[in-house]
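Could you walk me through this structure, stop by stop? I have it open in my viewer and would like to know what to select next.

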Amino acid sequence: MNGAVNLAVAHRLEAKVLLDWFDLTEIEPKKKFRCYGGSEGIALTVTGMGVENAAAGVRHLHDSQPPGFRAWLNIGIAGHDSAALGEGFLIRRIMHRESGELYWPPVTDLKLPGCELITVAEPETGYPEDAAYDMEGAGFFAAAAGLISTDLVYVFKIISDNRENPVANVDPKQVPDLIRGQESAIRKLVSHLRERSARFAGYYGMPVEFDLLLDKYRFSATRKAGLARLCRRFHALGKQDRLTALARERFRDAASLMTAMDAELARTGKPVI
Amino acid sequence: MFSAVYVETEARDHPRARAILERYRDLPQIECERYGQIFNRKAQNFRLQKEYPALILARKHGRKVLPAPGGYGFDAGQSHYFSHMLNCIYDCRYCFLQGMYRSAHCVLFVNYEDFADSIRQTIAAGPGNQVFYSGYDCDSLALEPVSGFAEFFVPFFAEHPAAVMELRTKSTQVAGLLQIDAAPNCVIAMSFTTEAAARRWERNVPSIEKRLAALGRLQDAGWPVALRFEPLLPEADSNAYENLFKLIFSRLRSDRLHSVSTGLFRMPADFFRNTLKLYPDEPLFARETQTENGVVSLQQPNREAWLAELEAALFRHIDPASYYRCAE
Ligand code: SF4
């Protein structure tokens, strides 16, 4: 089962390898944020650096996509006091240094090394805490968590600089190699997220009849919510066939349709097991 | 069982927390200021989280002993509940906890000593016998090897014979209890649904057979044992409950039971709304419901007659004096 995943990176150099792996091509060129998509339900945006850009890039990709449930994964480079260059970490806690805001990405059983991330406004050279340092994570997480459950928002960082190899020495050309070095972890994460987002969509996606009926009748906002509930109940109770049949029938208006749906559901008197 | 351990900074050095952190040294350990930072966050999905729940070690502040809701429990006198833990390692689809909490992580409050102080004060202040229910916001015994909850509180209540503690559980973690003398004022109350309901709605819960075996051993060792038939749910097989009763009372001494109760499926309306949002595809919640005094239950024609029949079947095995209907 494969669901949709949106990837967000700060820089084109971080995107390079991912575009290749997931066979992504550019969609809507010349927009503020470059966005890529493929046939596998994976999309990618290059947000630019800093929390504001990260958040805006996430929202831009979201707004350019049709409605749906998508997991989010931020992949990028980060600094760390002692971790080796190229080491990858699934982030467990994010602190936005400027605001003091804390974010808590989900925990998994993927057995990937994890650490805390501190998102800073300027590259960190002192690495004062036992944490990774980046410039986007907090902005990314805050924005993506506004679009989907936080249980579908992950951050993965690869160490590009440490005390012995300061940030000033990072050669941008090495970035694709750093990402490439974490191929197995990234692929594992992406397929894990695809499974999770597929499950999520399966739980909360609307039955097709819902859209059909919305097109056929006029619903107030309250009635629309009521229709969603009714359609879901038909499915939960295994009465898809009856819902399909009702959707084909012609009712005077939305109210009469919903009365008929209610009456049909009320006939479900038999025990569940 | 857990994918990570979060620990409050101020709980970290508590000996109980230290022992648990040592036990889970191979899991990610993440520090937080307050458990609510993780547990009460918005936009969490309980259902997804149940796949990889974490343990949160915290210190309980504020009131630790609360009045039990009216109609809850076996004693009409003063009763209270206390929650050393929030949430449960099992996953019963009908459980109200999934509608009550935003997170599926389990919070364990490690400062049992402070709970004990509050209970001591409540006992001293209250008149006569008082009942203390644990397992209202969790399963009392499911995490026993990690939490040492019974190991701490049973000896405590043994020293306070005027009070009664009920441990509500579906767990078979009774090895610790079997190693100590039975405490006449500590009641082990095991919940049961029918075989079909257990198979369909109780994930990770020990089988009815295993639960009965554990209860049998407790009874043999002299522990007061109680039965809780909750939630009662109408089934196509009209003999389902009778068969369950037959099985249970072929294994347990009914004359030695502390009490037996039943309770219909019911949930506060806001918890039900949350649960329905989490499980829009669950047939149990898609059925016709009714709401009375802010509590949702399933619509069921002839409910009273059904209940009376079920009780009649029960009374063929037990003394009606030991029975009550849980109305909370
Ligand atoms: S055992 Fe009890 S507390 Fe645990 S999930 Fe089941 S109903 Fe809820």
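Here is a short tour of the model, which is a predicted one.

**Stop 1: the ligand**

Start by selecting the ligand and then show the residues around it.

**Stop 2: where chain B meets chain A**

Next, show both chains and select the contact between them. Here 38 residues of chain B are in contact with 31 residues of chain A. The size of an interface is often given as the accessible area lost when the parts come together. For chain B and chain A, the buried area is about 3,100 Å², with 59% of it on carbon and sulfur atoms. Now pick out B:Leu48, B:Tyr52 and B:Arg287: in chain B these lose the most area to chain A, together 22% of what that side buries.

**Stop 3: polar and charged pairs across the interface**

Stay at the interface and turn on side chains. Between chain B and chain A, 13 residue pairs are in polar contact. Which elements of chain B give two or more residues to the side that touches chain A? Select strand S2 (29-32), helix H2 (36-39), helix H3 (46-49), helix H9 (195-201), helix H12 (269-278) and helix H13 (283-286) of chain B to see them. H9(B) gives the largest share, four residues. By class, this side of chain B has 20 nonpolar, six polar and 12 charged residues.

Side chains of opposite charge can pair when their charged atoms come close. Three salt bridges are found across the interface of chain B and chain A. To look at a salt bridge between the chains, select B:Glu288 and A:Arg233, whose closest N and O atoms are 2.7 Å apart.

**Stop 4: chain A by itself**

Chain A is divided into domain 1 (4-202) and domain 2 (205-266). Colour the two separately; their C-alpha centres lie 40 Å apart.

Then zoom in on A:Glu183 and A:Arg187, which form a salt bridge with the closest N and O atoms 2.9 Å apart. The two are separated by about one helical turn because they are four residues apart in helix H5 (residues 183-204) of chain A. Over all chains, the whole structure has 36 salt bridges.

**Stop 5: two backbone details in chain B**

Bring chain B back and switch to a backbone view. Most residues other than glycine have a negative phi, and most peptide bonds are trans. Select B:Ala43, in the loop between H2 and H3 of chain B: its phi is positive, near 60 degrees. Finish at B:Pro231 in strand S13 (residues 225-232) of chain B. The peptide bond from B:Glu230 to B:Pro231 is cis, with omega near -15 degrees.

How values were computed: Residues are numbered from 1 along each chain as its sequence is written. Chains are lettered from A and ligands numbered from 1 in the order in which they are written. This is a predicted model: local features need pLDDT of at least 70, side-chain atom pairs count only at pLDDT 80 or more; totals for chains, interfaces and linings use all residues. Side-chain values use heavy atoms; hydrogens and water are left out. Contact means heavy atoms within 4.5 Å. Buried area is the accessible area (1.4 Å probe) that two parts lose on being put together, summed over both. A salt bridge is a side-chain nitrogen of Lys or Arg within 4 Å of a carboxyl oxygen of Asp or Glu. A polar contact is a pair of N or O atoms within 3.5 Å; within protein, one must be able to donate a hydrogen and the other to accept it, and residues adjacent in sequence count only if both atoms are side-chain atoms. Ala, Val, Leu, Ile, Met, Phe, Trp, Tyr, Cys and Pro count as nonpolar, Asp, Glu, Lys and Arg as charged, and the others, Gly among them, as polar. Domain bounds come from an automatic or database domain assignment.
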